[in-house]
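Hi everyone, thanks for coming. Please have a look at the model on the screen while I walk you through a few parts of it.

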Amino acid sequence: MFKEILKDKFAGKALIILIVMYVCIACANFIAPYSKDFSDRNQAYAPPSPVYTITEEGKLSMPYTYNYIRVFEPKLYQNIYTLDRSQKHYLKLFVKGEQYKILGVIPCSIHLFGTDDGGRFYLLGTDINGRDVFSRLLFGGRISLTIGFLALFILFPIGLLYGGISGYLGGWVDIIMMRFAEAVMAIPSFYLLIILASVLPANMTSTQRFALIVIILALIGWAGFARVVRGMVLSIKNEEFVQSAQTIGASKLRVITKHILPQTTSYVIIAMTLSVPSYILSESGLSFLGLGIQQPDASWGNMLKEAQEYINILYRPWLLTPGVLIFIAVLCFNLVGDTVRDILDPKGKVR
Amino acid sequence: MKLGKFILKRILQTIPLLVIVSIISFFIIRLSPVDPLAELRLNPSISQETLAKEKARLGLDKPIIVQYGLWAKSFVKGDLGITSNGEKVSVKLIERIPNTLILTLIVIFMTWSVGVPLGILGAIYNKTKLDRILTILSSVGMAIPSFFFAILLLIFAVKTGWFPVGGLTSYDFNDMNFLGKFFDIAHHLVLPVTVLFTLSLAGLQRQMRANMLDVLDSDYIKFARAKGLSENKIIFKHALRNAINPMITLLGFEFAGLLSGAALTEYVFQYPGLGRLILEAVMKSDINLVMASLMIGSIMLVLGNLLADILLLITDPRVRG
Amino acid sequence: MKLLDIKNLNLSFKMENGVFPALYDVSLSLNKGEIHALVGESGCGKTMTAMSIIKLLPKNAIITSGEIIYNDTDILKSSDKELRNIRGSKIALIPQDPMTSLNPLYTIGNQLLEIIEKDKSLTKEEMREKCIEVLELVKLPDPKNKLDIYPHELSGGMKQRVIIAMALASKAEIIIADEPTTALDVTIQAQIMKLLNEIKKEFNTSILLITHDLGLVGEYADEISVMYSGRIVENARKDEFFNNTLHPYSKALMGALPANTNDKILKTIDGQPPNLQEEIIGCRFSPRCEDCDITVCQELPCLKEKTPNHFVSCHKV
């Protein structure tokens with residue numbers, strides 16, 4: 001299937017972009033020049049560092065940058081950054097920086113790129129706390145790009161089993177189970193999402209909060225999925241191989257899990273790839289509102305929170321980069337998902 | 001008459017649904033550790049008397065089942081309690097619902113009138129350049145996060161000054177004549193509508209295209225061709241209605257999606273709708289308001305589905321049995 | 001009298017991995033007031049041949065050569081407008097599956113009127129009467145009330161009658177009946193075939209009957225063509241065909257009829273018909289042929305007149 005996706009003009013590129021993104025967030029510690037918590041309060045809202053390859057004398061040089069000096073401008077009543085041209089800081093590959101642990105065990109302090117001796121290099125500027133936006137994008141991606149998947153891994157087994165049982169048993173059980181699922185679907189999902197998120201106690205650790213948000217996201221989507229599975233089970237359960245399994249005397253749960261549910265595999269794969277984007281969007285929306293992932297942890301949604309202020313969007317466009325990344329990730333997932341659907345379900349039977 | 005009976009049956013079916021919805025909502029909110037009256041207690045302008053009245057209405061000292069019963073009883077009566085500011089929840093809701101309805105209805109109307117023709121085009125010119133361009137555009141449209149797009153439009157509004165930055169009315173709204181008021185609201189609606197329109201247009205176009213492709217491949221279309229009908233008649237009489245019918249069922253879901261999408265958009269544009277109301281209520285832990293707006297949102301959704309079903313009943317003879 | 005004459009029709013399919021021929025030199029003629037049965041297994045090109053007549057082919061089908069003469073003109077060269085005037089008016093189609101061939105959202109009357117309306121001289125009242133008249137002709141019970149009901153309220157057999165009524169409404173000279181009874185119950189099958197036969201006699205209509213059921217053919221056809229893997233392998237008048245079957249494939253088909261086996265076991269033809277993309281040297285039937293002689297059958301046989309008016313394409317005959 002991989003090969004077929006790669007053959008497609010758009011989906012192939014989309015898949016490559018996604019792979020690059022995931023590799024980057026996996027190696028965030030190494031690629032990011034700073035850790036996610038590194039902050040320099042004197043460098044809040046610093047613009048991206050300029051990179052020079054030609055010196056003032058017009059000579060070609062190794063790429064270098066200057067540090068910023070913050071000056072308060074009383075007329076504009078705001079801080080202005082000027083370059084400290086007294087000292088060049090050369091950009092280097094594999095520089096020593098903050099220490100981190102590979103796989104959480106092996107200590108290491110080599111970063112992909114950075115500057116030498118006291119230089120600061122902000123590829124995409126800094127945020128209100130003087131934290132490097134580029135580094136935080138990588139660490140934020142860890143949350144934004146995985147939370148949807150984790151939610152799906154909780155939601156799909158629930159939905160499969162719920163829909164499977166409801167469709168297979170039929171009768172009153174089916175009616176009651178489906179009424180309940182319909183009721184969950186009748187609550188506008190985003191309303192439910194923010195209410196559930198707001199109920200979370202404030203004094204949780206970031207891991208706890210992350211886990212609970214995964215669960216909340218999963219709670220939103222299972223009902224619709226279960227309904228579709230139930231419809232498929234209804235049509236599968238009358239087929240001969242299911243009836244023969246019943247005559248042999250297989251238990252109900254066994255018939256459902258071993259004989260019926262495997263038939264829905266291609267729908268499940270299609271639905272999963274196509275629904276990852278909506279979970280990425282939900283998480284970012286939630287964090288954007290301040291109800292999802294909390295500071296100091298980074299997620300693309302909560303990084304965009306700062307972009308809500310007019311001054312920021314007008315004068316500090318680098319703060320919009322998380323939005324661009326969300327857009328690219330979602331677009332790529334959609335393109336890949338479409339192609340997966342075309343491959344697994346060429347006649348469009350599964351909707 | 002048959003039709004009337006079906007509609008009545010369908011309406012009756014929504015009642016148990018709403019009861020279950022209310023139970024789910026009630027328990028989610030009540031089981032949270034938040035004290036429903038905490039905000040009210042903190043507000044110095046609320047008298048002890050009102051507080052006691054609220055406490056009695058909610059029956060907070062009684063078991064949770066009784067609390068639900070009390071709440072449901074007062075909800076049906078139309079008494080939704082007071083907000084943490086001491087305002088009546090019902091008044092607040094009545095103020096906000098029309099705003100959200102205007103927004104979503106305009107968006108639904110626009111997406112249908114643009115998305116359906118574009119879907120037909122995509123299907124008729126399947127696999128041509130036009131179709132590919134439409135598919136790419138719809139992928140892009142589906143991928144933009146609504147709040148991010150809203151922010152970008154805000155920058156645009158600020159930089160050009162062509163559109164008001166948020167809200168629904170200008171400060172001098174009350175001094176305007178009818179026409180002025182109309183244009184003022186329209187002016188404020190442009191940006192939020194644009195966001196939600198882009199958000200839902202792409203999905204609609206895709207759905208319509210897929211349905212149309214299915215229908216064009218069906219036996220009755222082949223037979224209609226064999227009957228020697230003109231291409232226009234085949235597409236606009238035979239294919240179109242069959243392709244639109246499944247979309248009517250989706251109308252309810254689309255409405256749901258819009259209510260959700262609208263919450264974020266309303267928030268960014270400071271639009272006084274139901275979505276922003278519930279958001280603000282959630283942030284302030286204003287339990288009465290949260291509970292009521294959640295119920296109203298669900299009722300609107302259920303009603304939207306109901307309307308879609310009734311519409312389908314009218315357009316599809318098979319559903320009538 | 002030849003009403004329709006298909007001459008050396010060649011048709012190919014354009015697929016992702018190349019162009020594959022589906023019909024080779026198919027020649028077929030249809031006489032006035034007769035039923036010509038086109039017999040063969042599924043996938044042998046029967047339906048493609050029939051759909052070529054009204055030029056309603058899948059998008060990736062290309063007619064590479066040949067002509068289809070009707071009324072002294074070549075249908076394959078007709079414009080879209082001319083084709084529309086032929087389709088449904090002069091040449092009517094009875095599709096395979098009546099269950100899915102009527103638009104579920106329009107009433108029977110509405111869909112019948114689409115054909116009757118083509119005659120602009122009729123008033124509304126006359127059109128309605130005409131609808132009832134044709135529904136009576138196909139023996140649909142209570143035709144007056146049937147006009148305002150929807151297809152899902154009719155059974156499969158009744159839907160097929162409505163479709164036949166459409167052919168009658170247009171006074172079509174030719175009816176292409178593409179396996180008109182396969183989707184129906186056995187008892188209904190006989191009724192529908194009887195109806196088609198009556199129509200042939202009463203209106204002197206020519207019918208191209210596409211089927212895989214030799215039983216039907218023996219009962220109703222006037223002329224028979226057997227098709228195998230995109231070729232006509234045998235063509236004869238009915239009596240000649242049944243009394244003097246020549247081609248090994250036709251013989252095998254006859255042998256597979258329950259009535260013709262003396263043994264208790266039903267004979268079958270071993271193997272599968274080749275698919276389009278399969279390459280076979282010489283006779284396409286040779287891999288499944290009991291009489292095949294590798295030395296002669298390596299060359300492609302062509303359709304030859306063995307006895308008067310009996311054409312066969314086989315080296316061994």
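Let's start in chain A, where four strands form an open sheet in the order S1-S2-S3-S4, with antiparallel pairing. Strands here are DSSP runs of E with at least two residues, helices are runs of H or I with at least four, and both are numbered from the N terminus. Two strands count as paired if DSSP finds at least two bridges between them. At the edges sit strand S1 (52-54) and strand S4 (106-115) of chain A, each pairing on one side only.

Before I go on, a word on the model: it is predicted, so to speak of local features we need pLDDT of at least 70, and side-chain atom pairs count only at pLDDT 80 or more, while totals for chains, interfaces and linings use all residues. Residues are numbered from 1 along each chain as its sequence is written, and chains are lettered from A and ligands numbered from 1 in the order in which they are written.

Back to the sheet. Strand S2 (residues 60-73) and strand S3 (residues 78-102) of chain A are joined by nine bridges in the antiparallel sense.

Now, how does chain A meet chain B? On the A side 35 residues are in contact, and on the B side 40; contact means that the C-beta atoms, placed from the backbone, lie within 7 Å. Which helix of chain A gives the most to that side? H6(A) does, with eight residues. By class, the A side has 26 nonpolar, seven polar and two charged residues. Nonpolar covers Ala, Val, Leu, Ile, Met, Phe, Trp, Tyr, Cys and Pro, charged covers Asp, Glu, Lys and Arg, and the others, Gly among them, are polar.

Chain B itself has twelve helices and zero strands. Its C-alpha atoms fill a box of roughly 80 × 55 × 40 Å along the principal axes. Of its 321 residues, 39% are buried, that is, with 20 or more other C-beta atoms within 10 Å of their own.

Finally, chain B also touches chain C, with 18 residues from chain B and 21 from chain C. H9(B) gives the most to the B side, with seven residues. That side has six nonpolar, five polar and seven charged residues.

Notes:
Contact = placed C-beta atoms within 7 Å. Buried ≥ 20, exposed ≤ 12 C-beta atoms within 10 Å, placed from the backbone.
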